[in-house]
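Welcome, and get your viewer ready for a short walk. We will select a few pieces one after another and look at what is there.

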Amino acid sequence: MNTKFFKFLQPLIFICITTLGYSQTTTVKWGNTNDTIKINKHIYGHFAEHLGRSIYDGFYVGDSSKIANTNGVRNDIINALKDLKIPNLRWPGGCFADTYHWKDGIGPKENRPTIVNQWWGGVTEDNSFGTHDFLNLCEVLGAEPYLSGNVGSGTVQEFADWVQYTNFDGKSPMSDLRKENGREKPWNVKYWGIGNEAWGCGGNMTADYYANIYRTYATFISDWTNSGGLVRIASGASGDDYNWTETLMKNVPNKMLGGLALHHYSVIDWENKGPSVDFTENQYFSTMTEALKMEELVTKHSAIMDKYDPDKKIDLVVDEWGGWYDVQEGTNPGFLYQQNTMRDAVLAGATLNIFNNHAARVRMANLAQCVNVLQAVILTDKAKMILTPTYHVMHMYKVHQDATLIPLEFESPLYTFEGKTLPAVSVSASKDSTKTVHISMVNVDAHKENTIELDLNVLGLKNVTASILSSKNLQDYNSFDKPNNIQPTNYKDFKFKKGVLQVTLPPFSVIVLEAK
Ligand code: AHR
């Protein structure tokens, strides 16, 4: 080609490559592979609040239902969650937890008093799903229960009684009551939330006030040496409220604190959250901006915790995270029912990569929520049940549970929208007990492919397989009529030559590679 003509064309070619979506290649380097940080399986935890159709008409249909169930809980939900290897389930809230009196949910169901769900739709619940129902469900699922105790409107005694009821093997008023109600052996619940969002629906407390309240509850639900091995989790900050974390870490003795929570929702604007399906690219970009903020949040909250707990004994527990949009048209505004699209899949993949990469401090997290509420993994409509794109991401990522983190170093290409930018690529990697390596990759960019290059020689890996979650449109979802519209498929669009792997990530896709 004539060189003058080429010089004339060069800028145009550059503009085409950058704006029309040509793939950009990013080299990912392995960090220190001698690190032995475990990705705690509890990062992949879930959350079931008494909210909308999460418990009643969700998990729980009652044992006289025509829908196949185990002690009233839908079998299709049980099987789907078992398949997800759900490590823990948080219950009964959320805001509901600080209104819940556990003694109303035990004993013969016909004798149980009702409760008005004051935060979520003002509906009256019959308390037919209570402590036994929840803890037995966790046993069936093989998941650790994570109970959120009532601090806001309960008492220290009520909380201590709940611990004794669920955990005490000897003779006591509460263990006798448990036995009367048909359960001989204790469940040994390990994870206990001391209230929820104490700065808001949990009592509108100041950080100083709550720190003192926390110390009192933490004292009486245990003994001198915490011989029951309870993990006592303090209600944590909302988003970037670093003062909350600082105050709690400073004022609560380390030995009284097993975990400190953090809540962060990917909300565009609390007054105008936007639709869960028919969103614009502007709204997608805003949601992802909020989602990727998680990186900064866990980094900064961890840095504060490091000051007071340099040995990283206390867990950072992100026990509420996910996308929050306007409710689906025609549904109860208090029930927080929303659809789940490829936007949610990208959000979940990128967030879980952040948690994996911060596994040294983030040791537990709970997606909000599990069934029929917010960024659910499961949606139900009468006898029908569907698995959402978020479910599929969780399923693809379960390979990271309890695997050893492999730190990575790379500079992400940018996703640009109307002059604003976000990192387009998110990656995390781990090695499991069989020495199989899994690398999860997300391309956040709504339009451009991105290519990742990895030298697998370094780890002596020779065989690669991959699965992908992608779809034609960002707004695509699984409906009750088309439940398998979005599903993981085998992915082959990668090159593996002389040990160097090149993977092309389509726009808004999630890929998990397995290398041996
Ligand atoms: O997940 C819905 C609600 O969000 C929870 O009840 C509360 O903790 C948070 O504000």
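At roughly what angle do the axes of helix α4 (residues 156-167) and α6 cross? The answer is roughly 40 degrees, and the axes come within 9 Å. Axes here are lines fitted to C-alpha atoms over the stretch in contact, with angles from 0 to 180 degrees between N-to-C directions; helices are DSSP runs (H or I, at least four residues), numbered from the N terminus.

A note before going on: this is a predicted model, where local features need pLDDT of at least 70, side-chain atom pairs count only at pLDDT 80 or more, and totals for chains, interfaces and linings use all residues. Residues are numbered from 1 along each chain as its sequence is written, and side-chain values use heavy atoms, leaving out hydrogens and water.

Now select V156, F159 and A160 of α4 with T216, Y217 and F220 of α6: these residues make the contact (heavy atoms within 4.5 Å).

Last stop: select F59, L81, Y284, M288, W321 and F355, the residues with the most contacts inside the largest nonpolar core, which has 139 residues. Such a core is a set of buried Ala, Val, Leu, Ile, Met, Phe, Trp, Tyr and Cys residues joined through side-chain atoms within 4.5 Å, buried being under 20% relative accessible area with a 1.4 Å probe, protein chains only. Helix α8 (residues 281-308) gives the most to this core, ten residues.

Notes: Buried < 20%, exposed > 50% of the residue type's maximum accessible area, 1.4 Å probe, protein only. Helix = DSSP H or I, 4+ residues; strand = E, 2+ residues; numbered from the N terminus.
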